[in-house]
Amino acid sequence: MKHLDEALNQTQADQFGRASAALLTQGAQSLPTGIKDRLHAARMKALSMRKAEKVRVQKPVFAGITGNFSSSSNGMWDTVSWVAPMLVLIFGLIGIAQWQNDSRITDIAEVDAALLTDDVPPDAYADSGFLAFLKNGPLSDSEDSASQLSSSK
């Protein structure tokens, strides 16, 4: 029982296969001719019914400009066909970044110009009370609305 649990290595498996083939060959020689013929016919039928093995052949297939798939190579045009859009994309992104940067600089310059030309000193914008005043609106607007409310009563 211990011997059955052991796995056969490659050389032992080869020896077993050769011994089994030799025994089957000896047994086949001692069979009557009718049985040999039927076994041969059955083997040929089984081989003819066998499906052909699929062979995988790997070759690159690319879609061309027309949308057709082909495995032929056009050399330099294959490289240009993917490098050109990549360059356009890169230069487009650089242009957009530059445009946004210029826009940001222009906005900051407008805010600086407005602060410098305004009557209110720039230190007032740092005061939290002044920011609350700007959010709520000027006092004159609130006094006018209060007087309208009192006159409507």
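Trainee: What percentage of the 153 residues in the protein chain is buried?

Mentor: A residue is called buried when its relative accessible area is under 20%. In this predicted model, buried residues make up 1% of the 153 residues in the protein chain. The chain exposes about 14300 Å², and carbon and sulfur atoms supply 62% of that area.

Trainee: How many helices and strands does the protein chain have?

Mentor: The secondary structure comes to six helices and two strands, and, read along the sequence, these follow the pattern α-α-α-β-β-α-α-α.

Trainee: Which residues form a nonpolar patch on the surface?

Mentor: The patch includes W82, M86, F91, I96 and W99, and the patch as a whole has about 1100 Å² of accessible area. One of these residues, I96, lies in helix 4, which covers residues 76-117. I96 counts as partly exposed because its relative accessible area of 46% falls between the 20% and 50% cut-offs.

Trainee: Where does Y125 lie, and which residues does it touch?

Mentor: Y125 lies in the loop between helix 4 and helix 5 (128-136), and at 28% relative accessibility it is partly exposed. Leaving aside residues up to four places away in sequence, Y125 touches L115, D118, V120, F130, L131 and L134. With L115, which is 10 residues away along the chain, the C-alpha separation is 9.3 Å.

Technical notes:
Residues are numbered from 1 along each chain as its sequence is written. This is a predicted model: local features need pLDDT of at least 70, side-chain atom pairs count only at pLDDT 80 or more; totals for chains, interfaces and linings use all residues. Side-chain values use heavy atoms; hydrogens and water are left out. Patches are made of residues with over 30% relative accessible area and no salt bridge: like charges are joined within 9 Å, nonpolar side chains (Val, Leu, Ile, Met, Phe, Trp, Tyr) within 5 Å. Accessible areas come from the Shrake-Rupley method with a 1.4 Å probe; for residues, only the protein chains shown count as cover. A salt bridge is a side-chain nitrogen of Lys or Arg within 4 Å of a carboxyl oxygen of Asp or Glu. Helices (H or I, at least four residues) and strands (E, at least two) are DSSP runs, numbered from the N terminus. Buried means under 20% relative accessible area, exposed over 50%, partly exposed in between (1.4 Å probe, protein chains only). Contact means heavy atoms within 4.5 Å.
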